Amino acid sequence: MRKFIGFILTPLFYICFALSLLIFHPIQWICLKLGGYKAHKRSVDILNGLLVACNYTLFNRTQFIDNFNIPTGRAVIFVANHQSTYDIPPLIYFLRRFHGKFISKIELAQAGIPSISYNLKHGGAANIDRKDPKQSIAEILKLANNMKEKQWSAFIFPEGTRTKTGKMKSFSVGGIATLLKKNPEALVVPIAINGSYKMVAYGAFPLRPFTHMTWEVLDPIQTTGLNVEEIVQLAENAIRSKVKEEN
């Protein structure tokens with residue numbers, strides 16, 4: 001029955017999602033040209049709030065458990081597990097006060113996806129070519145420098161790819177190490193994502209309705225006296241303790 005309802009509701013979700021992207025593409029352009037970074041970021045925040053709201057067309061529940069003890073005005077490296085494409089809008093919207101930027105595949109920036117590709121090109125993301133290690137390092141270093149100079153933050157999915165089952169993969173150190181090298185005082189904050197993989201359990205069509213998804217911002221990792229490998233392992237352990245893996 002759930003899958004049958006998904007066939008009915010999924011077109012409505014995609015219409016709302018696509019309209020949001022199409023409408024905000026020119027809005028982003030105008031905001032960036034006339035108002036610079038601040039206005040552009042505001043438009044991106046509103047867009048992602050609308051993308052989160054699209055979940056209501058599927059009767060999906062998006063629960064974001066914030067952590068207001070994390071200070072603003074300094075660089076933060078948010079480390080999260082990765083379950084689906086739909087992990088991203090809640091991170092951007094609910095943590096918008098941190099000016100978080102993503103490390104993303106360059107293909108997404110070049111794909112011409114309305115709003116998304118434009119934001120990746122002009123919003124401060126690190127768009128990496130996985131086939132070109134030098135280019136990748138240069139992009140991450142550019143983001144790291146912006147974090148240091150502008151007090152931006154970064155979102156990173158150290159698993160590398162999305163899980164289809166909810167079962168976490170081991171975290172890699174690379175991107176986090178580069179960011180920490182330039183920003184040794186940055187806070188490292190784990191985020192545990194639960195349930196978003198279920199939304200795409202049937203694939204791209206139909207999407208799964210009546211799904212409860214949670215994003216929980218955990219306490220910062222105490223990094224004093226630890227090397228990068230130890231920091232990443234602590235972040236992974238903290239997230240694993242919160243993620244509900246199903247066999």
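Trainee: Which residues form the nonpolar patch on the surface?
Mentor: In this predicted model, the patch is made of Met1, Phe4, Phe7, Ile8 and Phe205. Together they have about 590 Å² of accessible area.

Trainee: And Met1, is that buried or exposed?
Mentor: Met1 counts as exposed because its relative accessible area is 74%, where the cut-off is over 50%. Met1 sits in the segment before α1.

Trainee: OK, switching to the inside. How many residues are in the largest nonpolar core?
Mentor: That core has 32 residues. Phe13, Phe78, Leu91, Leu95 and Ile191 have the most contacts inside it.

Trainee: Which elements give two or more residues to this core?
Mentor: Those are α1, β2 (76-80), α2 (88-94), β6 (187-194) and β7 (212-217). The most comes from α1, with eight residues.

Trainee: What does Leu91 touch, leaving out residues up to four places away in sequence?
Mentor: Leu91 touches Phe64, Arg96, Phe102, Phe155, Phe157, Ile191 and Trp215. There's also another core lying apart from the largest one, with 27 residues, including Ile140, Trp152, Ala192 and Val243.

Trainee: New topic: where is Thr57 found?
Mentor: Look in the loop between α1 (2-53) and β1 (61-65).

Trainee: Why does Thr57 count as buried?
Mentor: Because its relative accessibility is 15%, and buried means under 20%.

Trainee: What does its side chain reach, then?
Mentor: The side chain of Thr57 reaches the backbone oxygen of Cys54, at 2.6 Å. Not counting residues up to four places away in sequence, Thr57 also touches Leu9, Leu12, Phe13 and Cys16. You've met Phe13 already, among the residues with the most contacts inside the largest nonpolar core.

Conventions. Residues numbered from 1 in each chain as written. Predicted model: local features only at pLDDT ≥ 70, side-chain atom pairs only at ≥ 80, totals over all residues. Heavy atoms only, no water. Helix = DSSP H or I, 4+ residues; strand = E, 2+ residues; numbered from the N terminus. Buried < 20%, exposed > 50% of the residue type's maximum accessible area, 1.4 Å probe, protein only. Polar contact = N/O pair within 3.5 Å; in protein donor to acceptor, adjacent residues only side chain to side chain. Contact = heavy atoms within 4.5 Å. Patch = residues over 30% accessible without salt bridge, like charges linked within 9 Å, V, L, I, M, F, W, Y side chains within 5 Å. Areas by Shrake-Rupley, 256 points an atom, 1.4 Å probe, with all protein chains shown as cover. Salt bridge = Lys/Arg side-chain N within 4 Å of Asp/Glu carboxyl O. Core = buried A, V, L, I, M, F, W, Y, C linked by side-chain atoms within 4.5 Å.
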